[in-house]
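Below are a few questions and answers on one protein model. Each answer ends on the item asked for.

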Amino acid sequence: MQGGGSLGAYECGVYKALHRHGVRFDVIAGTSIGAVNAGIIAGSKSGDPASDLENFWLDVANKVAPPLAFMSDLQRAIIASATSAIYGNPRAFSSLWLKEFYQLNPFSVFKPNLYDLEPLKETLANYVDFEKLNDAGRASRLVLTCTDIRNAEPVIFDSKHTRIDQDHLAACASFPFYGIAWTEKDGRYLWDGALLSNTPLREVIEASPNHDKKVYVVNLFPRVQRDLPQSLLDAMHRARDIMYSDKTEHNVRMSNIISRYLLLLKEMHDILNNVELKGDMRDRFLKTEEEYHKIACERGAIIDKIIRIERTEDVPFLFEDADFSLETIRKLIQKGEDDAEEVLNKEARQNTVS
């Protein structure tokens, strides 16, 4: 699950469809708001992750004035994102700069941290059972990504090795371009994982290297846009989409290439193992056994299939990911659900034919 602010509601709709079709996950990975979604799914407090995820999104939606419901999508996005920028979101992020501005500090808008995620942590407590999330026998394995500010290195939180809490989820959503405060955790200062990679497929491969995978990827940022930008804001919007869209094709190609090498290596190994080697050749073969098993067995996973559910958009707007209006959240959930249904039904038809 990718990062994308309020666009994460689309991922909620996608998951509702997957859940309804009986798709269950061994590993759930997320970046930024995708990490928050993944945490709710893995640690669902009620035991119904689809309902908990939807209720979370309806909870964080801004219950704005009724007239917004009758505006166009673009008009609503402009007003709702401006409202979030000024006042924050009472269930997700609070406005630090506005508090200081009221205290006659007009330069607060130039500080690096304009909003904090304390409201999000409090909201998550209503939807995530962290004891369950950290119990390998009760929850899917959770993999989260963020970025170390000081050394620009990825920081991975894996429920198999780390006890996940609200701070871990918040760290993954600390997006600096919108002034959301960094999170200090275990002596490190952390920003959003989208700065390095917005689709955490590589992290999943590294977390579970010895299992072949069928992967579902939710792409929040359209890869294809037919019309060229007509303004500077349009250009910035398109550049943003390109920066954060799914770029895992290279990972898949490399995985397939490595898999072919490993199959060839295994075939050569099996041939030599069935040949009577003598003396020095036998000793050399035995010495390579340990290294062979490390390469072929511990790193031998392949990606069997990637199923992508991709959001499209009719009206591009640079700050659409800050539109938390209730009407938009509901539309995103429904759009994600509809798109996922279409993809899953197409896959089912293909499987029937094959």
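**The lining of the largest cavity**

Q: Which elements each supply at least two residues of the lining of the largest cavity?
A: Helices (H or I, at least four residues) and strands (E, at least two) are DSSP runs, numbered from the N terminus. The model is predicted, local features need pLDDT of at least 70, side-chain atom pairs count only at pLDDT 80 or more, and totals for chains, interfaces and linings use all residues. Residues are numbered from 1 along each chain as its sequence is written, and side-chain values use heavy atoms, without hydrogens and water. The elements that each give at least two lining residues are E5, E6 and helix H9 (201–207).

Q: Which element gives the most to this lining?
A: Among the residues that line the largest cavity are Thr-145, Cys-146, Thr-147, Pro-154 and Ile-156. With 3 residues, the element that gives the most is E5.

Q: How do E5 and E6 pair, parallel or antiparallel?
A: Strands pair if DSSP finds at least two bridges between them. Cys-146 has Val-155 in E6 as its bridge partner. Over 5 bridges, E5 (residues 141–148) and E6 (residues 154–158) pair in a sense that is antiparallel.

Q: Which residue in the hairpin of E5 and E6 takes a positive phi?
A: This hairpin has 5 residues between the strands. The one with a positive phi, near 60 degrees, is Ala-152.

Q: What share of the residues of the protein chain count as buried?
A: Buried means under 20% relative accessible area (1.4 Å probe, protein chains only). Of the 354 residues, the buried share is 49%.

How values were computed
1 Å grid on protein atoms, 1.4 Å probe; cavity = no way out; pocket = protein on both sides within 12 Å on 5 of 7 lines; lining within 4 Å. Buried < 20%, exposed > 50% of the residue type's maximum accessible area, 1.4 Å probe, protein only.
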